[in-house]
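This note is for a colleague opening the model for the first time. Please keep the sequence and the structure in view while reading the points below.

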Amino acid sequence: MPKNDDSLVVALPNGRILNQVSALVRRAGILAEPAFEDPNARQLRFATSDSNIAVIRVRSFDVATFVAFGAADIGIAGRDVLMEFDYHEVYAPVNLGVGRCRLVVAETAELAPEDDPTKWSHVRVATKYPAIARRHFEARGVQAECIKLNGAIELAPSLGLCRRIVDLVDTGATLKANGLVEVEHIADITARLIVNRISLKTRPELIGNWIRIFRDLVEDGETLSAS
Ligand code: PRP
């Protein structure tokens, strides 16, 4: 249940956008204890310079879950995660502009020249995003069989699990290294500030103030130097 005191739990995503996100959070004035920056630290919850604010570091998918259930009041999550879960309890008021990448359909480079995506009627894809993939293919009348993986998706075609994947692409290096090419764009992705809707209703001043702080940071263009 959402908290009803002055305490605030901020959920941040482990992984490749953590550095950019941490810089942004510091600029917002939330200064976590030194262990937060230590990759070897085993603790998962960190105190900050404000005794009312704690920071937790969890998997990117779990940021949305912690916020949706009110275990964390605010968080930073990729649009990919928000699209996959589509939690009604999560409100995403600020596009933070960091963690920019795209969600795509990719297939083996051998298949691509002779393949026409407009002719697909059934596809089997490996993905971390079965809900997004199903919705995407359904919208264009394609039946999708989605094999859920939790990482290293690009490995699946070369081992015969499937011929196509749905995954995030940033530089394109992972696709290339695994003999894959992008054939369809699904969505552009950036990180969003997310808040629990009930927290916002029950503590509008506190949560609303944090929304304003992050919105001002983005409007000031500070995210450009947040990497
Ligand atoms: C992500 C994504 C791709 C890769 C894309 O994986 O799932 O595999 O980054 O980046 P690139 O286009 O710059 O190569 P991540 O490194 O987060 O690890 P994962 O395989 O465990 O998901």
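1. Terms and basis. A polar contact is a pair of N or O atoms within 3.5 Å; within protein, one atom must be able to donate a hydrogen and the other to accept it, and residues adjacent in sequence count only if both atoms are side-chain atoms. The model is predicted: local features need pLDDT of at least 70 and side-chain atom pairs count only at pLDDT 80 or more, while totals for chains, interfaces and linings use all residues. Residues are numbered from 1 along each chain as its sequence is written, and side-chain values use heavy atoms, with hydrogens and water left out.

2. Ser199. The side chains of Ser199 and Asp73 are joined by a polar contact of 3.2 Å. Ser199 belongs to helix H6, residues 197-202; helices (H or I, at least four residues) and strands (E, at least two) are DSSP runs, numbered from the N terminus. Ser199 counts as buried because its relative accessibility is 0%. The classes are buried for under 20% relative accessible area, exposed for over 50%, and partly exposed in between, with a 1.4 Å probe and protein chains only.

3. Asn196. Which backbone nitrogen does the side chain of Asn196 reach? That of Ser199, at 2.9 Å. A polar atom of the Asn196 side chain also lies 3.4 Å from the backbone oxygen of Ala68. Asn196 sits in strand E11, residues 191-196, and with a relative accessible area of 1% Asn196 is buried.

4. Shell around the ligand. How many residues surround the ligand? The number is 13, and the closest are Lys128, Glu154, Thr171, Gly172 and Thr174; a residue is near a molecule if one of its heavy atoms lies within 4 Å of it. By type, the shell divides into four nonpolar, four polar and five charged residues. Here Ala, Val, Leu, Ile, Met, Phe, Trp, Tyr, Cys and Pro count as nonpolar, Asp, Glu, Lys and Arg as charged, and the others, Gly among them, as polar. Strand E9 (164-169) and helix H5 (173-177) each supply at least two shell residues, and E9 gives the most, with three.

5. A polar side-chain atom of Thr174 is 2.4 Å from an oxygen atom of the ligand. For Glu154, an N or O atom in the side chain lies 2.6 Å from a ligand oxygen. The ligand taken alone exposes 500 Å², of which the protein buries 75%; accessible areas come from the Shrake-Rupley method with a 1.4 Å probe, and for residues only the protein chains shown count as cover.

6. Thr174 is in helix H5. Is Thr174 buried or partly exposed? Thr174 counts as partly exposed, because its relative accessibility is 39%. Thr174 and Glu154 are 20 residues apart in sequence, and their C-alpha atoms are 7.2 Å apart in space.

7. Positive phi values. Most residues other than glycine have a negative phi. Ala152 is not a glycine, yet has a positive phi of about 50°. Ala152 lies in the loop between strand E8 (143-148) and E9 and is exposed, with a relative accessible area of 53%. Asp86, also not a glycine, has a positive phi of about 55°. The place of Asp86 is the loop between helix H3 (79-85) and strand E5 (90-95), and Asp86 is exposed at a relative accessible area of 58%.

8. Thr65. Helix H2, residues 60-68, contains Thr65. Thr65 counts as partly exposed, with 23% relative accessibility. Between Thr65 and Val81 there are 9.7 Å in space, C-alpha to C-alpha, and the two are 16 residues apart in sequence.

9. Phe46 is part of strand E2, residues 45-47, and counts as buried at 1% relative accessibility. The C-alpha atoms of Phe46 and Ile194 are separated by 19 Å, with the two residues 148 apart along the chain. Cys101 is in strand E6, residues 101-108, and counts as buried at 16% relative accessibility. Cys101 and Ile147 are 46 residues apart along the chain, and 22 Å separates their C-alpha atoms.
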